[in-house]
Amino acid sequence: MRDMLIMEKALREIVSAEGFEWPEKAVLEKPREASHGDLATNLAMVLSKQAKCAPRAVAEKLIA
């Protein structure tokens, strides 16, 4: 649980630094299957409209 809070805080800071607002529909959760990683988020999908670009481009921007 603590890891999720730390990650959400970091993501919120990144989103803010990029000049976007945190979307209400953004979700950070543990994936159903462990093979899919430790955490999953729909952030790129829900930010794509605000960013006016493809979700993959948003994800790459957030990763950088």
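The model is predicted, so local features need pLDDT of at least 70, side-chain atom pairs count only at pLDDT 80 or more, and totals for chains, interfaces and linings use all residues. Residues are numbered from 1 along each chain as its sequence is written, and side-chain values use heavy atoms, with hydrogens and water left out.

**View 1. Helix α2 meets helix α3.** Two packed helices are described by the angle between their axes and the distance between the axes. Here, α2 (residues 43-51) and α3 (residues 55-63) pack at about 105°, and their axes are 8 Å apart. (Axes are lines fitted to C-alpha atoms, for helices over the stretch in contact, and angles run from 0 to 180 degrees between N-to-C directions; helices are DSSP runs of H or I with at least four residues, strands are E runs of at least two, and both are numbered from the N terminus.) That makes α2 and α3 roughly perpendicular to each other, a label for angles of 65 to 115 degrees, while under 35 is roughly parallel, over 145 roughly antiparallel and the rest oblique. On the α2 side, look for Leu 43, Ala 44, Met 45, Leu 47, Ser 48 and Ala 51; on the α3 side, Pro 55, Val 58, Ala 59 and Leu 62 make the contact, which means heavy atoms within 4.5 Å. Sorted by class, this contact has 9 nonpolar, 1 polar and no charged residues. (Ala, Val, Leu, Ile, Met, Phe, Trp, Tyr, Cys and Pro count as nonpolar, Asp, Glu, Lys and Arg as charged, and the others, Gly among them, as polar.)

**View 2. The two faces of α2.** Leu 43, Ala 44, Leu 47 and Ser 48 are the buried residues in α2. (Buried means under 20% relative accessible area, exposed over 50%, and partly exposed in between, using a 1.4 Å probe and protein chains only.) These residues cover an arc of only 130° around the axis, so they sit on the same side of α2; the arc is taken from the directions from the helix axis to the C-beta atoms. Their cover includes α1, β2 (40-41) and α3. Turned away from that side, you'll find the exposed Met 45 and Lys 49.

**View 3. Zooming in on Ser 48 and Val 46.** Ser 48 is buried, at 13% relative accessible area. Skipping residues up to four places away in sequence, Ser 48 touches Cys 53, Ala 54, Pro 55 and Val 58. Val 46, also a residue of α2, is partly exposed at 23%.

**View 4. Where α2 ends.** Ala 51 is in α2, and beyond its neighbours within four places in sequence, Ala 51 is in contact with Phe 20 and Val 58. Just after α2, Lys 52 has a positive phi of about 55°. Lys 52 lies in the loop between α2 and α3 and counts as exposed at 76% relative accessibility.
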